[in-house]
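This briefing is for a reader meeting the structure for the first time. It goes through a few of its features, grouped by topic.

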Amino acid sequence: MIIQVLLLISGLALLITGAHGLVDGASALAKKFKVSDLAIGLTIVAFGTSAPELVVSIFASFQNHQDIVFGNVVGSNNFNLFIILGITGLIAPMVVQSSTIWKEIPISFLGIALAYILTHHIFGTDQNILTRIDGLILLILFGFFLYYVNKQLKSDPVTIENKAATYSNLKTYSYIIFGLAGLVIGGRLLVTTAVDMATTIGMSEKLIGLTIVAAGTSLPELATSVVAAFKKNSDIAVGNIIGSNIFNLFFILATSAVIRPIVYDTVFDLDLYILAGGTIFVFIAMFTGKKKKLDRWEAAILLVSYIAYLVYVIQK
């Protein structure tokens with residue numbers, strides 16, 4: 001058991017180190033080709049923080065561990081919304097842009113609703129499965145979201161801090177290659193070890209995915225948002241969380257389904273309800289207390305709610 005825990009930690013460490021290496025190398029490469037800081041921040045850095053979830057879900061899909069796919073995506077989104085947003089909101093009240101309130105948060109809620117409808121095939125068969133067609137639908141919608149983001153940038157440009165260093169070609173490509181290797185090896189190690197642990201201690205793959213795997217793969221988002229909160233840069237802190245949740249639902253879940261149709265266990269319904277409720281709460285919080293701001297007491301409610309949810313899930 002001790003060996004499995006060490007392997008799990010090693011897998012997480014490789015994932016996070018790999019993501020950082022890939023972001024640093026890709027950012028340096030983009031700088032060489034005169035790509036703007038803004039484009040780097042919204043593409044490479046955004047992808048880098050979600051890379052662990054993507055790699056883990058792809059490996060879980062290939063290996064037919066379907067509960068880990070859903071557990072990782074839904075669990076990561078709940079962890080992002082309740083824990084990361086809760087912690088950053090306690091550090092400093094989060095001022096939120098109007099576009100985030102009226103567009104990004106509703107898009108995130110739409111992703112939850114679509115995940116529920118597609119997995120339950122409310123308008124189709126009785127089988128609970130996310131098919132390749134469903135995955136393609138989500139990917140097409142993700143393409144529309146990227147188009148919206150691009151238009152938003154042109155109409156309302158923002159500044160994203162980028163500290164991409166200038167490296168030699170050898171160092172740049174080394175970061176990219178070793179970063180990718182860390183992601184691949186760490187992802188495979190994490191999924192394999194998580195399944196072994198679940199078998200050893202009699203813990204379901206669902207619970208492993210919702211807790212250990214989800215929390216571990218969300219560490220890059222946690223680090224990014226906490227640093228942004230301390231710097232009083234709430235746009236990046238909140239945008240990172242909402243954007244990551246959209247990415248997880250519309251791209252990562254979709255990619256996993258395209259690789260292999262995913263049978264959906266209805267025990268995840270509660271977790272989707274919690275995610276939907278949390279998203280609605282954040283939306284309503286923008287109009288209570290100080291408008292367009294997540295106050296500390298609201299952030300505290302998010303944290304306490306997640307702890308209560310986690311205790312219930314583990315006991316169940």
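**Aromatic rings, a helix pair and selected residues**

Phe-142, Phe-145, Tyr-148, Phe-247 and Phe-251 are joined into a cluster by ring pairs. The model is a predicted one. Across the whole structure, a search finds 13 aromatic pairs.

**Aromatic pairs**

- The ring centres of Phe-70 and Phe-268 are 5.9 Å apart and the ring planes stand at 40 degrees, so this pair counts as tilted.
- Phe-70 belongs to helix α3, while Phe-268 sits in the loop between β3 (262-263) and α10; the two are 198 residues apart, and their pair links distant parts of the chain.
- Phe-70 and Phe-268 are both buried.
- Another tilted pair is formed by Tyr-116 and Tyr-273, with 6.0 Å from centre to centre and 40 degrees between the planes.
- Tyr-116 is in helix α4 (residues 98-120) and Tyr-273 is in helix α10, so their pair ties together parts that lie 157 residues apart in sequence.
- Tyr-116 is partly exposed, at 24% relative accessibility, and Tyr-273 is partly exposed at 46%.

**Packing of α3 and α10**

- Helix α3 (residues 66-91) packs with helix α10 (residues 269-285) at an angle of about 35 degrees, and the axes are 10 Å apart.
- The two helices, α3 and α10, cross in a left-handed manner.
- On the α3 side the contact includes Val-74, Leu-81 and Phe-82; on the α10 side it includes Asp-271, Leu-275 and Gly-278.
- By type, the residues in the contact of α3 with α10 are eight nonpolar, four polar and one charged.

**Glu-298**

- Glu-298 is located in helix α11 (residues 296-315).
- Its relative accessible area is 1%, which is under 20%, so Glu-298 counts as buried.
- Leaving aside residues up to four places away in sequence, Glu-298 touches Phe-281, Ala-285, Thr-288 and Lys-293.
- Glu-298 and Gly-86 are separated by 212 residues in sequence, yet their C-alpha atoms are 7.9 Å apart.

**Asn-64**

- Asn-64 lies in the loop between α2 (37-62) and α3.
- Although Asn-64 is not a glycine, its phi is positive, at about 65 degrees.
- Asn-64 is partly exposed, with a relative accessible area of 40%.

**Annotated spans**

- An unreviewed UniProt entry annotates several spans as "transmembrane region", among them residues 242-264 and 299-315.
- Residues 242-264 are 78% helix and 9% strand, and the end C-alpha atoms of this span lie 24 Å apart.
- Residues 299-315 are 100% helix and 0% strand, with end C-alpha atoms 25 Å apart.

Key:
Residues are numbered from 1 along each chain as its sequence is written. This is a predicted model: local features need pLDDT of at least 70, side-chain atom pairs count only at pLDDT 80 or more; totals for chains, interfaces and linings use all residues. Side-chain values use heavy atoms; hydrogens and water are left out. Axes are lines fitted to C-alpha atoms, for helices over the stretch in contact, and angles run from 0 to 180 degrees between N-to-C directions. Helices (H or I, at least four residues) and strands (E, at least two) are DSSP runs, numbered from the N terminus. A crossing is left-handed if the near helix is turned anticlockwise from the far one by less than a right angle, and right-handed if clockwise. Contact means heavy atoms within 4.5 Å. Ala, Val, Leu, Ile, Met, Phe, Trp, Tyr, Cys and Pro count as nonpolar, Asp, Glu, Lys and Arg as charged, and the others, Gly among them, as polar. Buried means under 20% relative accessible area, exposed over 50%, partly exposed in between (1.4 Å probe, protein chains only). UniProt positions are given in the numbering used here, feature names are shortened, and annotations may be inferred rather than shown by experiment. Rings of Phe, Tyr and Trp (its six-membered ring) pair if their centres lie within 6.5 Å; planes under 30 degrees apart count as stacked, over 60 as edge-to-face and the rest as tilted.
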